Structures are given as structure tokens and as C-alpha cells.
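Subject: Structure handover

Hi,

Here is the structure I promised to pass on. Please have it open while you read the notes below.

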Amino acid sequence: MLLSKIAEKIGISTDAGDLEITAVNSLDKAVEGEITFLTDISFSSKLSTTSASAVIVPADFSSVDIDAVLLPVDNIDDAMEKLLLLFAPQLPAPKILRHPNAVIDPNAILGDNVSVGPGAVIEQGVEIGVGTVIGAGCIIASNVKIGNNCLLWPNVVINHCCVLGNGVEIHANSTIGTMGFGYRTEDGQHKRIPHIGNVVIEDNVEIGANSCVDRAKIGSTVIGAGTKIDNLVQIAHNVQIGPNCIIVSQAGIAGSTELGKYVVLAGQAGLADHCIIEDFAQVGPRAATMKGQIVPSGAKVLGAPAQDANEVMRQIAMVKKLPELVRDFKKLSRNMK
């Protein structure tokens with residue numbers, strides 16, 4: 001692709017119009033004929049060693065003496081996204097809308113241009129909207145409702161009576177509507193508590209691979225519109241997640257916990273049951289809330305039990321000083337004898 005065309009697509013201009021670009025690569029691995037990007041000025045020292053033919057840089061970046069063509073942009077993240085989409089491999093559209101190896105109940109209702117891959121099973125009472133893709137090996141259990149233009153990657157399981165909105169994407173091997181993990185102990189035996197609710201996933205939610213969302217005991221477990229969930233995430237029964245949250249890999253949310261809008265859970269964060277994480281709050285990596293804990297709106301917490309991030313950082317700084325403090329204490333004790 002000519003560099004002039006790339007520049008046009010990302011909203012800038014360049015006079016190196018006849019320069020041909022063959023691929024996108026990282027700053028330190030790009031070779032001649034490839035384009036790369038500088039997302040953080042602190043990495044600008046790598047520019048002197050890059051072999052890339054063109055580099056997208058922030059608009060306020062000071063020019064340096066290198067052979068590559070520099071393309072300054074106002075929004076580096078937006079430009080990078082457009083660039084990656086230009087070079088993204090185009091996945092072929094399914095050639096067969098209803099694969100002969102798929103099992104589709106005659107009472108299921110499938111909208112126009114719904115694709116069902118090999119080995120998929122669609123049970124009775126299912127309704128699937130226009131343009132949705134059901135990947136190979138997916139199981140869509142009875143009375144599930146799926147909206148328009150959804151994408152279910154291979155081996156996704158949607159259990160009975162769950163509801164997916166429009167534009168939902170669920171990656172391979174994830175399970176929606178698993179029985180909630182609830183038991184009571186009687187005469188030394190664990191007896192399962194029935195979970196008769198469902199899961200409601202609102203519009204434009206994305207759920208990564210190998211994640212699980214449990215059905216509610218009663219009512220619905222809800223994933224709010226626009227929320228993005230990473231791989232290997234566990235969401236328990238009756239959890240309520242607000243719109244546009246970010247939940248990173250290996251996070252776990254226990255039953256009946258509520259998240260507001262734009263909440264961020266970092267990797268391996270753990271939320272105990274009945275917690276409330278208010279709007280725009282952030283729970284840091286490997287942080288753990290206690291049962292019923294409330295994290296206020298906009299707060300950032302770290303540690304176990306989770307507490308104000310600045311306080312945790314002060315505690316960590318003090319722990320690093322402990323060896324020195326112990327030495328001083330022993331010295332002082334000897335001098336007092």
C-alpha cells in the first residue's frame with residue numbers, strides 16, 4: 001500500500017506518496033518497507049535504531065535525524081487503530097450459511113443471513129437475529145434469545161433462557177448461563193441451591209475466551225452495554241455489571257456484587273460477594289475486596305484487603321525501610337543497656 005494512501009486513511013498528508021509499505025511492525029522489529037508507531041515519547045531513543053520506512057508519531061514530537069518518514073498525528077491511539085485495520089487479514093465469510101453438520105431444531109427462529117457452523121447445536125425455542133454468526137461447535141440451548149450481528153466464536157455455550165443483545169461478541173470456549181455456585185450444608189452434605197434465573201448480556205458487550213458468566217439464583221445476572229471482558233474471567237450469580245466496564249484477565253466477581261459504569265477491574269482482581277463498586281472506580285491488579293465492601297465512585301484501590309491505592313503505596317515504601325529500621329532499633333537498644 002502506498003504511504004500516501006495510508007496517510008489519507010489516518011487523516012494526514014505526506015509528500016512521500018510513492019513509498020510502498022508492505023506491513024506494520026513494532027518499533028524495534030520493523031524493517032525497510034514497513035511502518036511502525038511511537039506511542040510513548042519515552043521510547044523515542046529507539047527511533048535511531050529502527051529500520052522502518054515510516055513512523056507514526058505524536059504531533060508534539062520533536063523531529064529527529066533518521067531516514068524514516070515521520071507522520072505526526074494528533075491522536076496516536078486512533079491513528080494506530082486505523083493503521084492496524086488497514087493491514088488486518090480479512091476473514092473469509094462463511095460459504096455455507098447452514099452447515100449440513102449443524103443440528104437446528106425446526107422450532108428455532110433464525111433471521112436473515114444467520115450463519116451456523118459445523119457441529120453447532122441450536123435447540124427449540126431459540127431466536128437469533130439478522131446477521132449473527134454461530135461458530136463451529138457452539139451450543140445454543142432452549143429458549144435463548146440472541147440479537148442482530150452477534151459473533152460467537154467456536155465452542156461457545158449459551159445455556160437455556162439467556163438473552164444476548166445486538167453486536168455481542170463472545171470468544172471461543174466461553175460459557176454463559178452456567179448454574180450458579182450455591183450450596184447449603186445439611187447433615188454433613190453439600191446440597192445444591194437451585195438457580196432458576198438467567199443471564200442478560202446487553203448490546204456491544206465483548207467477552208474473551210474461556211470466561212464464565214453464571215446464571216442468577218432468581219432474576220438475571222446482567223452485563224451492561226459496551227462492557228469489555230478479557231479471557232479467563234469468572235462472573236458469579238446475580239452480579240450486576242454497569243455499562244462500559246473493563247474487566248481484565250483472571251478477575252473474579254462473587255455473587256450479588258454490583259459494578260457501576262466505567263468500572264475497571266485489573267488482572268486477578270477478586271471481588272467478594274455483595275460488594276458495591278461505584279462508577280469510575282478502579283480495582284488494581286490482585287486486589288481483593290471484603291464481603292459487602294463499598295468502593296466509592298472514582299476511587300482507586302490496591303491490596304488485600306483492598307484500600308486506597310496511595311495508602312497502599314506508602315505502606316509498601318515503609319516495608320522496604322524495615323531492615324534499616326530494625327538495624328537502627330537494635331543499635332538503639334544496645335546503647336540503652
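The notes below cover the overall build, then the aromatic pairs, then a surface patch.

First, the ground rules. This is a predicted model: local features need pLDDT of at least 70, side-chain atom pairs count only at pLDDT 80 or more, and totals for chains, interfaces and linings use all residues. Residues are numbered from 1 along each chain as its sequence is written, and side-chain values use heavy atoms, with hydrogens and water left out.

**Overall build**

The protein chain has four helices and 36 strands. These are DSSP runs numbered from the N terminus: helices are H or I with at least four residues, strands are E with at least two. The radius of gyration is 26 Å, well over the 20 Å that the globule rule gives for 337 residues, so the chain is more spread out than a compact globule. That radius is taken over C-alpha atoms, and the rule is 2.2 Å times the number of residues to the power 0.38. The C-alpha trace spans about 85 × 70 × 30 Å along its principal axes.

Of the 337 residues, 38% count as buried. Buried means under 20% relative accessible area, exposed over 50%, and partly exposed in between (1.4 Å probe, protein chains only). Take contacts (heavy atoms within 4.5 Å) between residues at least 6 apart in sequence: 15% of them join residues at least 24 apart.

**Aromatic pairs**

The count is two. Phe181 and Tyr183 form an edge-to-face pair, 5.2 Å centre to centre with 75° between the planes. The rule: rings of Phe, Tyr and Trp (its six-membered ring) pair if their centres lie within 6.5 Å; planes under 30 degrees apart count as stacked, over 60 as edge-to-face and the rest as tilted. Phe181 is exposed at 67% relative accessibility. Tyr183 is partly exposed at 38%.

Tyr262 and Phe280 are stacked, at 5.3 Å and 0°. Tyr262 lies in the loop between strand 29 (258-259) and strand 30 (264-265), and Phe280 in the loop between strand 32 (276-277) and strand 33 (282-283), so the pair ties together parts that are 18 residues apart in sequence. Both are partly exposed: Tyr262 at 42%, Phe280 at 44%.

**Surface patch**

Met318, Val319, Leu322 and Leu325 form a nonpolar patch on the surface. Patch residues have over 30% relative accessible area and no salt bridge; nonpolar side chains (Val, Leu, Ile, Met, Phe, Trp, Tyr) are joined within 5 Å, like charges within 9 Å. A salt bridge is a side-chain nitrogen of Lys or Arg within 4 Å of a carboxyl oxygen of Asp or Glu. Helix 3 (309-320) and helix 4 (322-336) each supply at least two patch residues. Val319 sits in helix 3.

Best wishes

Terms used
Accessible areas come from the Shrake-Rupley method with a 1.4 Å probe; for residues, only the protein chains shown count as cover.
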